[in-house]
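Hello,

Here is the structure we talked about handing over. Please open it first, then read the notes below.

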Amino acid sequence: MSNLTVLPIILPLIAGIIMAFIHKRTTIVRKLSQIFTVVNLLVVGGIFLYVLQNGAIILETGDWAAPYGIILVGDLLSMTLVFTSNLVATACVFYAPKSLSKEQEAFYFYSFFFMLIAGVSGAFLTGDLFNLFVFFEVLLMASYGLIVLGNGKAQLRESIKYVLINLFSSMLFVTTIAFLYSVVGTVNMAQVAERVQEVEQQGILTTIAIMFFFVFATKAAVFPLYYWLPRPYISPNPVVSALFGALLTKVGIYSILRIFTLIFNQEVQLTHTLFIYLAALTMIFGVVGALSTNNIKLVVAYNIIPAVGFMLMGIGIFTEVSISGTIYYLVHDMIIKGVLFLLVGAVAYVAGTSDLRKMGGLIHHYPVLGWLFFIASLVLAGIPPFSGFIGKLLLLRGGLEEEEILIVIVGLVTSLLILFSMIRIFVRGFWGEKTEIPMPEREHKGKMMAWPIGLLLTFSVLLGVGAEWFYPSIESISKYLMDPQLYIDSVLKE
């Protein structure tokens, strides 16, 4: 059964290669991509259920036992995130034909799309720090192809900024791995976690830990390293923005969660206290950005940042309850950010603008889009009984139990401001006087965009109203992360 672990990586890679060879046959490529994505979702869902029932599956590639070979670890955390990623990808692949031009579809969109999914899945599944770097590069190369898909001076400018920032963080990433290897003599995560306990000079490890955090914080858009994020995420096509907003920053947060629960958990008072302060600043500056603009795409892009702050808050508090909150919020945010980027893309298309000041009365022509946006806004802000509320409740409970009152207050105020930033779009964009009748083609395409968004939003709503079904699994992941020896024993088979 261990061979199943590689399927979430291999299947998208095979699909991407096939699509590259037939990229000009748009209709065939579109249908094949949708079939491949659904099949991959079903396969990942099957593996996820197996792991849920039987525990982690470990693949030692080439029959080289850990820590000598390349290891893929399909535990409950990684498979939960791989399944969620493929759920978002499925909605995006059905939304794409309504959003992209035929020229964009023909210009290797689906090949880059599948490469991105393979890279994200590999980053979640790898048990090796160097291969985490490799999969980061795979997903980044795919994202470079997707972000330049289109034309225009603004898109080119933001693409250059995005590429330069990620090149710098990638260089620092591989340098930091080299430093760690020089200290512990391995890059296998389980063996690193075992050997760091024996290192006498813990100050060196703390320095390396902060360097790793700097790398992952840049990719996750933690304060003050978030400055690059908003505009590169809104410059490409909305379906690309949805993939970026739902998946890319979450790989950075996952890396912080995995590394700082498994390996760098010796100087908690230093590293994790820093996380709490940075989480508070990330929430504040992110939501201020969302309130400062009338561009509806920018509002959603800025709202990625406070969500990262909430997840970092749980890691900083570092209890079973707070880690459960981080995991729950991570899954919730992957889905809802995908929903919101697809929604604002559809709204901007039917309105002919993304400027909120030039909109009004859209709900009279597009009631489905309007009410989907309203529900998604409540989910994002954490209104009961939706999934955002469950994640925040666990995070705030963890903060109160550890008497971190300041971060709890910041979290509550930030949640209210997030709700205000989104409801402002609903009131000013959808409500109001009935505007002129839209063009038939635009109206038809706008309505067609709604159904993949609706299906994805349904999963987000279920994650909240069905919390009693999902929470036991999230809680078991939290307990697993808080006991690193469980991971070490399962990989090294001790």
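**The core**

The largest nonpolar core has 185 residues, and Phe109, Leu129 and Phe264 have the most contacts inside it. Helix H14 gives the most to this core, with 19 residues. A nonpolar core here is a set of buried Ala, Val, Leu, Ile, Met, Phe, Trp, Tyr and Cys residues joined through side-chain atoms within 4.5 Å. Buried means under 20% relative accessible area, exposed over 50%, and partly exposed in between (1.4 Å probe, protein chains only). Helices (H or I, at least four residues) and strands (E, at least two) are DSSP runs, numbered from the N terminus.

Two notes on the source. This is a predicted model, in which local features need pLDDT of at least 70 and side-chain atom pairs count only at pLDDT 80 or more, while totals for chains, interfaces and linings use all residues. Residues are numbered from 1 along each chain as its sequence is written, and side-chain values use heavy atoms, with hydrogens and water left out.

Phenylalanine 109 is in contact (heavy atoms within 4.5 Å) with Ala96, Leu100, Gln104, Leu146, Leu149, Val239 and Val240, leaving aside its neighbours within four places in sequence.

Threonine 5 lies in the segment before helix H1 (7–21). Threonine 5 counts as buried because its relative accessibility is 0%. Not counting residues up to four places away in sequence, threonine 5 touches Ile57, Leu59, Leu72, Val73, Gly74 and Leu125.

**Pocket and cavities**

Rolling a probe the size of a water molecule over the atoms shows where empty space is left. The search used a 1 Å grid over the protein atoms alone. A cavity is a set of points where a 1.4 Å probe fits but cannot get out. A pocket is an open set with protein on both sides within 12 Å along at least five of seven lines. Lining residues have an atom within 4 Å of a point. Grid points are joined across faces, edges and corners, and a volume is the space filled by probe spheres set on the points.

The largest pocket has a volume of about 370 Å³. Its lining has 16 residues, and Phe48, Phe83, Val331, Leu463 and Phe470 lie nearest the centre. Helices H2 (26–54), H3 (76–99), H14 (320–351), H18 (440–465) and H19 (467–481) each supply at least two lining residues. By class, that lining has 13 nonpolar, 3 polar and no charged residues. Ala, Val, Leu, Ile, Met, Phe, Trp, Tyr, Cys and Pro count as nonpolar, Asp, Glu, Lys and Arg as charged, and the others, Gly among them, as polar.

There are 4 cavities of 30 Å³ or more. The largest cavity has a volume of about 80 Å³. Its lining includes Phe136, Tyr162, Lys219 and Trp228. Helices H5 (129–147), H6 (153–184), H8 (202–220) and H10 (238–262) each give two or more residues to this lining. The largest share, 3 residues, comes from H5. The lining of the largest cavity divides into 7 nonpolar, 3 polar and 1 charged.

**Aromatic pairs**

The whole structure has 35 aromatic pairs. Rings of Phe, Tyr and Trp (its six-membered ring) pair if their centres lie within 6.5 Å; planes under 30 degrees apart count as stacked, over 60 as edge-to-face and the rest as tilted.

Tyrosine 144 and tyrosine 162 form an edge-to-face pair, 5.9 Å centre to centre with 80° between the planes. Tyrosine 144 lies in helix H5 and tyrosine 162 in helix H6, so the pair ties together parts that are 18 residues apart in sequence. Both tyrosine 144 and tyrosine 162 are buried.

Ring pairs also link a cluster of Phe130, Phe133, Phe136, Phe173, Phe212, Phe213, Phe216, Phe260, Phe264 and Phe275.

**Backbone points to check**

Most residues other than glycine have a negative phi, and most peptide bonds are trans. The bond from phenylalanine 223 to proline 224 is cis, with omega near 0°. Proline 224 sits in the loop between H8 and helix H9 (230–234). Alanine 221 lies in that loop between H8 and H9, and its phi is positive, near 70°. A cis peptide bond also joins proline 384 and proline 385, with omega about 5°.

Best wishes
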